[in-house]
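Open the model in your viewer and get ready to select residues. We will go stop by stop.

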Amino acid sequence: MEQFGYSMEMNREKRKLVYTIKELCRVCYTCVRECPAKAIKIVNGQADVISERCIGCGNCVKVCSQDAKVFLLTRTEVKSMLQSGERVAALVAPSFPAEFTEIDDYRYFVGMLRALGFSHVFEVAFGADLVASRYKSLLEDRSGKGYISSDCPAIVTYIRYYHPDLVENLAPVVSPMVAISRVVRQIDSNLKQVFIGPCIAKKDESIEIDEAITFRELRVLFEQASITPESVEPSDFDPPHAGRGAIFPVSRGLMQTVNIFDDLIEGNITVAEGRIGFQEAIKEWESGNLKGQNLELLCCEGCIMGPGMSPGGKRFERKTYISSYARNKVTPEQLKEWELAISKFKDLDLTRSFNPDDKRIAKPTDDEINKVLAKMGKFTPRDHLNCGACGYDTCTEHAIAIVEGLAEVEMCLPYAIEELHESINDLAISNEKLAKMQQALKHSEKLAHMGQLSAGIAHELNNPLGVVLMYSNILLDECKPDDPLRKDLELISSQAERCKKIVSGLLNFARKNQVKVEKVNVKKLAEDSIAGVVIPKNVTTNVVCRTTNLMASLDYEQMMQVLTNLNKNAFEAMPNGGDLTIVIDGDDHQISISVIDTGEGIPEENMDKLFTPFFTTKGIGKGTGLGLATTYGIVKMHKGKIDVESNTDPQKGPTGTTFRITLPRNAENELGNDNS
């Protein structure tokens, strides 16, 4: 081909044939699964096409249900060519009858192309006839070298990129498109050439073609120009007319075009099509399992299922349209004309060569792969579900893609589900903590107001009560034992004393005095609090330590008051007997003291009122309702918190109540200036 001034490779400058509309891309990974070149990179859950690795097969375009994968449109460039005044030839792929099924007579389709502005319309099928005869010569060669068909540009690019060692086995024959291009150039070298077909990869196959569009793009051009079969005059293709090349786009089309039915020859041919089929055939052929075989490979399931065809077509239905067209087109008269044309161009140079362009990525080490697998929770082969939801056939392939920077860990469905469950659990725990914090905040605000009020009341009542108590005792001392007023004075004195205790409790609740911290053995504190109260005979007590570090900085006297209060309440909650357990636990920063009883439990409606001053469920005269309020105040002064859990329903589990106090282990650090 020196007369054209091109090298045999003749590739266009690399263009981005397929790209992603990110706004439409959803997290489904279907395109990853269907990409034979693994030229899809997942970034933040979206699939981006790596143009340097893309072979232009268009599988991702066909399978994307969201229309997020689109191919390069060149119809505007073709429209400009047609409007430029230059003579432009249309090179129509033989799969057109399977696309324009609504047109009964192919001559109206040719008429539509001429109405669009094409000065000439040629059949690529004649190029297929020429190419097929060259393939037949190669297949009949008994030299022992096996060949891989080179008519599918996506297959050629795939081998050049990912199996470069097999480049020398590619049949050194041009594709039917390039073959008809050379025929047309010999007929009229001044014609511009536009290929029209079902293939995206054709757009960048060869610089011998000025431009290429798909059938889908051609339909848009017809629509924009308001061209219909009814609006045009029928016309035939420009010669040379095709023969058996019309059946080239169907499965085994190359062999049928060659008209090979000799079992000796056909037995050396393996036909494979589609993503899985052609990849498996190449791997087996490369490993030597298909020794002596020739491969006829198509990236699609026949050209009639190419990405440039209108979506939704049925494969076998389309095949019948191709067969019907080929059967009706080849008449005895046309056959003679075809034989003359074949003879005329039998010496046309249809050779080409191929250069490898290795795009393979070095395989990661086993250590790198295992680290990624471990991150996804896959530690043994049993953990490898190989479900394919990520778009890769195996978990190992997915891990390799992650190391290579093509995939993300989150693409693994089992991993994502496990992460979701953990997130839900964490969210539930956070919500529970938030609810408790909100409740504690509500208590704190309420008790702060109550504390201010209580302090004011206590201050105002304390002095008058002292006067009443003092003078009532003076009168008692002066009153004779048999004086009828003595009982009244004793009542006044005892009730004044009771009021003094209530006021004292109010002051304790609202106290602002300092916390006098010291190193305290919390286990001993718990044991002392039990020893300091009267234990009912039907109640057992126990102190359980779940930490070895039992020392903490606390105010011993105040915390003794807290535990004594809780112990008394626990005993009163177990009138029929039970167990009182004090559990001590903690870490380096905190220590917790849990007072657990097996009593009747606290009703749900009382839970929010527990620490409210003067709230009590005890009978009149048996409680002031300040015990838990004071307990709450002391715990807060220690910069700690107190939580309550209780159950009154035996059907939900053992009844009882747990008061859990959590305190900083080193209170002096938390209190800061409060102790200064």
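This is a predicted model. Start with helix α7: its buried residues pack against α12 (274–287) and β10 (294–298). Now select residues 153–162, the whole of α7. Here 10 of the 10 residues are buried, so the helix is largely enclosed by the rest of the structure.

Stay in α7 and pick Y158 and Y162. They are four residues apart in the helix, which puts about one helical turn between them. Are they buried or exposed? Y158 has 5% relative accessibility and Y162 has 10%; under 20% counts as buried, so Y158 is buried, and so is Y162. Their ring centres lie 5.6 Å apart with the planes at 50°, so this pair is tilted.

The charged end of K359 sits over the ring of Y161, 5.2 Å from its centre. For another such contact, select K202 and F195. There the charged end of K202 is 5.8 Å from the centre of the F195 ring and sits over it.

Back to ring pairs. The model has 12 aromatic pairs. Select F100 and F222: the centres are 6.2 Å apart and the planes meet at 70°, so the pair is edge-to-face. F100 is in the loop between α4 (96–99) and α5 (106–116), and F222 is in helix α9, so the pair ties together parts 122 residues apart in sequence. Both residues are buried.

V467, M470, Y471 and I474 make a nonpolar patch of about 370 Å². Y471 belongs to helix α17 (residues 413–478). Its relative accessibility is 48%, so Y471 counts as partly exposed.

Conventions. Residues are numbered from 1 along each chain as its sequence is written. This is a predicted model: local features need pLDDT of at least 70, side-chain atom pairs count only at pLDDT 80 or more; totals for chains, interfaces and linings use all residues. Side-chain values use heavy atoms; hydrogens and water are left out. Buried means under 20% relative accessible area, exposed over 50%, partly exposed in between (1.4 Å probe, protein chains only). Helices (H or I, at least four residues) and strands (E, at least two) are DSSP runs, numbered from the N terminus. Contact means heavy atoms within 4.5 Å. Patches are made of residues with over 30% relative accessible area and no salt bridge: like charges are joined within 9 Å, nonpolar side chains (Val, Leu, Ile, Met, Phe, Trp, Tyr) within 5 Å. Accessible areas come from the Shrake-Rupley method with a 1.4 Å probe; for residues, only the protein chains shown count as cover. A salt bridge is a side-chain nitrogen of Lys or Arg within 4 Å of a carboxyl oxygen of Asp or Glu. Rings of Phe, Tyr and Trp (its six-membered ring) pair if their centres lie within 6.5 Å; planes under 30 degrees apart count as stacked, over 60 as edge-to-face and the rest as tilted. A charge sits over a ring if NZ of Lys or CZ of Arg is within 6 Å of the ring centre and within 35 degrees of the ring normal.
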